[in-house]
Amino acid sequence: MSRLRYIAKRVALSVPVVWLGTTMTWAIIYLGPIDPATRLLSEGQTQNPAAYEAARTQLGLDQPPLQHYFDWMGSLLTFDLGQTWLLYQGSDVNALILDFLPRTLWLGFWSVLIAVCIGVPLGFYAGMRSNTASDYVASMGGIVWRAMPNFWLGIMLLAVLGSSQAIFGFDWQSLWIELDALTGSPDLSRLHTVEGFLAATKKVLPAAIVLGSASMGNEMRIGRTAVLEVRNEDYVDLARAKGVSERALVWKHIFRNALIPLVPIITSEAFLLIGGSVLVETVFSINGIGLLFFNAATQGDLPLVGTLMYVFILLIVGVNLLQDVLYTVIDPRVGLEGA
Amino acid sequence: MDVMPEDTTRRGFLTVAGAGAATALAGCSSGPSEESTATDEPTDSTDDGGDESAEPSDASDDSTSSVSNTLQMMSPGPVQTLDPINAKGSGVGFNQYGSSLLDFPNGEYPPEGAVIEDYSMSDDGLTYTFQLKQGVSFHDGTELTAEDVAYSFRRLAGSENSRNRDDIIGETMTIDHEKDASRTEPADEETLTDYVPGSLAVDAVDDYTFEFTLASPFQYTLSQIAGGTFAILPAGSVGDVDGYDGEYEYNEFFSTAGDGPAYAGLGPFEVDEWNKGDALRLTAFDDYYGEGPELDGVTITVVESANTRFSRFQNGNADLMQEDISTAAFNPDSVSIEETSGSRSVGTYTFDDGTTVNYGEIPALRTEYIVFNCLEVPLPVRRAFAYAMNQDEIAKNVYKGTGQPAYHMTPPAAYPTFEDGVGSAETYDRHAENGYQSVTEFGADGYPYGYGETLLDEARSVMEQAGYGENDRYEITATTIAGDSAYGSVFTRLQSKLRSAYIDMSIEESQFGTIISRAINGDMEVFGLGDGMEYPGPQNFLRFLWGNNPGSQFTRWGAEGSFYTEEYRQTAMDAWENKYQPDDSTQQSRNEAFQTVEEMNWASVQELPTVNPVAQRFWQEYVDVEMHGVMGNQTFDQVTKGE
């Protein structure tokens, strides 16, 4: 079986997943208990049946369900769900997403970066010094870190930073760069200036640490195990016997080989960030995709929720696909024979 | 939400962890109630606790706002749209960047001319003619002409983007037009979307004369067109209505597509920057038609949590705070009222640290009430509820004084009057207290179920007469709005009292949107609701209570198989049909009709009012602003900010 056929098969298998996901989204909102039309009623219209009917007509909710479903799926395919219903009504769904996406990307970028830059080195450090006191400290830290739920950690961090003056003797908010408030969206319009970049970074830093915390712990644990495993491989012993210097041994033989199991871990955690960002953005009041999605879902803004779900589903399926492909690249034994 | 299901636990946790703790709860529970139509006004302390994002942070905010001459405001929810016909109600910013033909000076009723010199009404009360002021500029520099007004009205009636068609071609004020039932489904029924494009009876007679003709006379026409949905835009700005090509794409004019928003209105401030979800920045418009503006700009920042808004204001990071004041943070004992004019009270508020700010309050055109489904709940049970309820105690303890006890569906400011020199609020109070100007036997002695008191003996006896007793109890389920603990407390208070009147009530929660659709389907027994008025006319609420069309009303009063009294219904219908509806009805006869319907609602207890909430405003010492009137819509063209 060729690699191309393997990939083609994986792609074909993802179609029903996408279909099922989007259909469920539609069914939950359209057939579920949330009635978006009621959100359109303004003061004095609450008890007015005519206004309610008009709202339903306007949203197309009075169509037969199947017709609505096919229309909706059709426009979803072409990424054209038109205007939102309730949030920023009248805005194009796609334009609205583009308005909110940068803040989430900024948050995601830092949380992945922090997780990778802290988790991986720490894991390698612990692996190289296995069963020493520093390994125990690092390992314990990794487990505890990983065990803390995002939303709880976020609240704690906010509480601590909010009273940093009393606890640490310095005020986080005015440290280095003055922030207008502890929580809120980063100002991405001044990213090209040094000060603007630092301010935007400082603003998302607590949220990024929280969002990256779970993956950080994961990467640490897996990095440690990988290093430990590679360290005990025969070829490491051989290299050492050959007289390879300790430095070359670590960086060339151990480090590179230990990275292999980490690559799929990092890619698969990318979509954890999407799910996690909903909570973290709510806690830190960052107006990103997560918060937008949460608001759209609870109010039943079908076009917006649908498009976001569609994007999320495509993203997750895409990442999975990429991961499958990466496996076959990194380790040719994977997938091909069995598939 | 599973984390801390009980209020007490939650509160205890908060004191330990700081208010930041509550943020996650908000994420799970209250969510985006920015502008739910009914009731998210006063909630008691425990709920507001669940809404917060990190007060500690704001406590250390350094003030940056008082430096510039820009007024810093906050809004509980994001500015959703700049399009007047698409907006739901009108927000704080609306009166700053937009203007209609008339406005409410300082938010006071009645409306006065804004961009008009004069107007006249034809003898039959149908045709209104307006003389526009000359030389009035839009933000884009073009001059206001009658064609712009016609365009704005046509968009409201006919644009696919309009969500306020009901305001112009609906049931209340109706500008003459044609409808073709076959245009949209259902094909055999005329709905708002069946409007025939171009058929609206509006006319730009010449450049400065605008005219429209109503289908039938309507008393509050001028109030209606003074509302935010009738804001005027330059003709042809967007092409979403027949006969106009549109200079801009919709999202370019009203939203942030391209170089947008290209929005141009008539208000004293123009839209500078709209950062969705975060802030709307307005700057002074130099060619404003009126006097002012004195400020350089107005910035409206979104701060979702009521408690955070409160602490931001306290720290001087906002110049003015109104709308949805945190009941948890608000301490009624810190208010000192210095001056009362009409229903408006102005004074000061002193924070715990001793700083003093200005404070004003005015009863809003709003009523909170509970609705009975008369298909399910018999009259004696409804009356037992009324006897058991003590509005006075609810206003004091649940609403912490930010609401006044309500005995009528019509709020005091809109209550009909009968004698010169006796105003709306006074008529309201006296009618409830001792039956002043009552028109039926039932209202002769005032509110029959205990004015400011609980009458449990009466509740018991009305139930006993109906055959209920210790061994034959009545079971009922009450539905409250999720995230609004005020209703929760109202029902909890009733629950224990009703137990001794042989009524076992269980309480369930439901989302606001779900409550409305369940009310439409009639599958609840009793539930809490609240509603506001767009103009001070009792018909806003009373049109749903006089027994007409019972099949589609929330109360189902008078529907086949419902528990209703034919005599009461006939009295209400006679009054409405003979005294309110006829074209030759007078203000006096209409007021009698309103009074009759109110008293028949007392008799039938379809809806049981609880409180009329009060609108509050806080502003810093250095801000010079008048307390707004009952309409709330105030333009800040005369507001100044000193040191």
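The points below cover a helix, a helix pair and a strand residue.

1. This is a predicted model, in which local features need pLDDT of at least 70, side-chain atom pairs count only at pLDDT 80 or more, and totals for chains, interfaces and linings use all residues. Residues are numbered from 1 along each chain as its sequence is written, with chains lettered from A and ligands numbered from 1 in the order in which they are written.

2. Helix α6 of chain B covers residues 146-158. Of its 13 residues, 12 are buried, so α6(B) is largely enclosed by the rest of the structure (buried: 20 or more other C-beta atoms within 10 Å of a residue's own, placed from the backbone; exposed: 12 or fewer; partly exposed: in between). Among the buried residues are B:Y151, B:F153 and B:R154. They pack against β5, α7, β6 and β7 of chain B.

3. Now the helix pair: the axes of α11 (residues 379-388) and α15 (residues 485-499) of chain B come within 10 Å and cross at roughly 110°. That makes α11(B) roughly perpendicular to α15(B) (65 to 115 degrees). B:A384, B:F385 and B:A388 in α11(B) meet B:L494, B:K497 and B:L498 in α15(B), where contact means C-beta atoms, placed from the backbone, within 7 Å. By class, this contact has 5 nonpolar, no polar and 1 charged residues (nonpolar: Ala, Val, Leu, Ile, Met, Phe, Trp, Tyr, Cys and Pro; charged: Asp, Glu, Lys and Arg; polar: the others, Gly among them).

4. Leaving aside residues up to four places away in sequence, B:E339 touches B:V346 and B:G347.

Methods:
Two residues are in contact if their C-beta atoms, placed from the backbone, lie within 7 Å. Helices (H or I, at least four residues) and strands (E, at least two) are DSSP runs, numbered from the N terminus. The expected span of a helix is 1.5 Å times one less than its number of residues. Axes are lines fitted to C-alpha atoms, for helices over the stretch in contact, and angles run from 0 to 180 degrees between N-to-C directions. Angles under 35 degrees count as roughly parallel, over 145 as roughly antiparallel, 65 to 115 as roughly perpendicular and the rest as oblique.
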